[in-house]
Amino acid sequence: MSRRLILALIAGLSGSIGVAAEPTTNGLVNPSAIDREVDAAVVRAVEFLTRSQRPSGAWFLDLYQGEATSTTALAMMALLAAGHVPGEEPHRVVFERGIDYLIRRQQASGLIVDKTGHGPLYDHGISTLFLAEVVGMTDPQQATATRRALERGVRAILQAQAVRKGNRHVGGWRYTLQSNDSDLSVTAWQLLALRAAKNAGCDVPVEAIDRAVAYVRDCASRSRGGFAYQPGGDQSPVMTAAGITALQVCGAADQPECVAAIPVLASRLPRPNDRYYMYGTYYASVALHQHGEETWTDRREGLFQQLLRQQKPDGSWLCDQDSEKQAGRVYCTALAVLALTVEYGYLPIYQK
């Protein structure tokens, strides 16, 4: 990676501009062993991801046995998080092809999905989040198309939220534009996308964010703390991490449900034998880093070491659990990089 890459942190939660460079142990004068291990692992993972891009500009999702907008967006977010930006070498072409792929895959409805997709709002929310993060960084020839795709994507999310839903599902999202129920997993991605899009200058009504926050709060487990997949369900480490992150990015970290969930997550982080371990570790890393204080300091090394032990010789990750093993190496690797790079601070969504 070039040490002179410049990452304009437009639309970041901090609203500031930062300078990105090759990972340098987070600027530490005397980096620890874990800091050096993280940097080396991220470099290997980026090499794997760039090698894995297909001629179309997409990345493969094993679950679909085909190209997917979700893995394409996750892979490019991982590159951003590692300090790479569109328009700069060595991965200028990688970004150009990937962004063009997402724009070409936008449907008349505004959804950014592949025809092979299942649960299209997963693909769409992740893709829209990426476009919101990158919209101010694209080359002039892609800038207008990227902005248009982002705005159409945001409208699709808002339309899906407005569908009449059953009791205790109002304000959230589920698998399709027409779903009349909701779940926290899909909702978290849409919230991240809306928050990033709002910071990028898109028209996102405050009421839409407020309704979504209310839904997330209703997913809190009243008896055990943490968050459940749907209101009234049992909490899990994965959903607890997702719920905390969703509230944090919306400025609702002081809500009692979020405050109560932090110690629950800290006491039971996602483990490799958990279902959706990589997904949960990504959210846990973001949530605890955003919270900061001793909670993050005390948990970061264990969280990172657990991930580092699972990296493959080729730089990739592949979970043992069928819940994510079937998604494949690109999905697992991108989420691992996003979890390991929270302290780099290059993605706007990582800004406190």
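Student: What pLDDT does the protein average?
Tutor: The average is 90, and 90% of the residues score at least 70; pLDDT is the predictor's confidence in each residue, from 0 to 100. This is a predicted model, in which local features need pLDDT of at least 70 and side-chain atom pairs count only at pLDDT 80 or more, while totals for chains, interfaces and linings use all residues. Residues are numbered from 1 along each chain as its sequence is written, and side-chain values use heavy atoms, with hydrogens and water left out.

Student: Where in the protein is helix confidence lowest, and where is it highest?
Tutor: Confidence is lowest in α12 (residues 322-325), with a mean of 88, and highest in α13, at 98. Helices are DSSP runs of H or I, at least four residues long, numbered from the N terminus.

Student: What makes E89 and R92 a salt bridge?
Tutor: The rule asks for a side-chain nitrogen of Lys or Arg within 4 Å of a carboxyl oxygen of Asp or Glu. The closest N and O atoms of E89 and R92 are 2.9 Å apart, so the pair qualifies. By this rule the count comes to 14 salt bridges.

Student: Why is E89 called partly exposed?
Tutor: Buried means under 20% relative accessible area, exposed over 50%, and partly exposed in between, with a 1.4 Å probe and protein chains only. E89 has 43%, so the label is partly exposed. R92, at 28%, is partly exposed as well.

Student: How do you know that D218 and R168 form a salt bridge?
Tutor: Their N to O distance is 3.3 Å, which meets the cut-off. D218 lies in helix α7 (residues 206-218) and R168 in the loop between α5 (140-162) and α6 (184-199), so the pair ties together parts that are 50 residues apart in sequence. D218 is partly exposed at 23%, and R168 is partly exposed at 39%.

Student: Which residues are linked with R168 and D218 in a network of salt bridges?
Tutor: R217, R222 and E257 belong to that network.

Student: R300 and E343 also meet in a salt bridge; why is R300 called buried?
Tutor: R300 has 15% relative accessibility, which is under the buried cut-off, so the label holds. E343, at 18%, is buried too. The N to O distance of this pair is 2.9 Å. R300 sits in helix α11 (residues 293-308) and E343 in the segment after α13 (329-340), 43 residues apart.

Notes: Helices (H or I, at least four residues) and strands (E, at least two) are DSSP runs, numbered from the N terminus.
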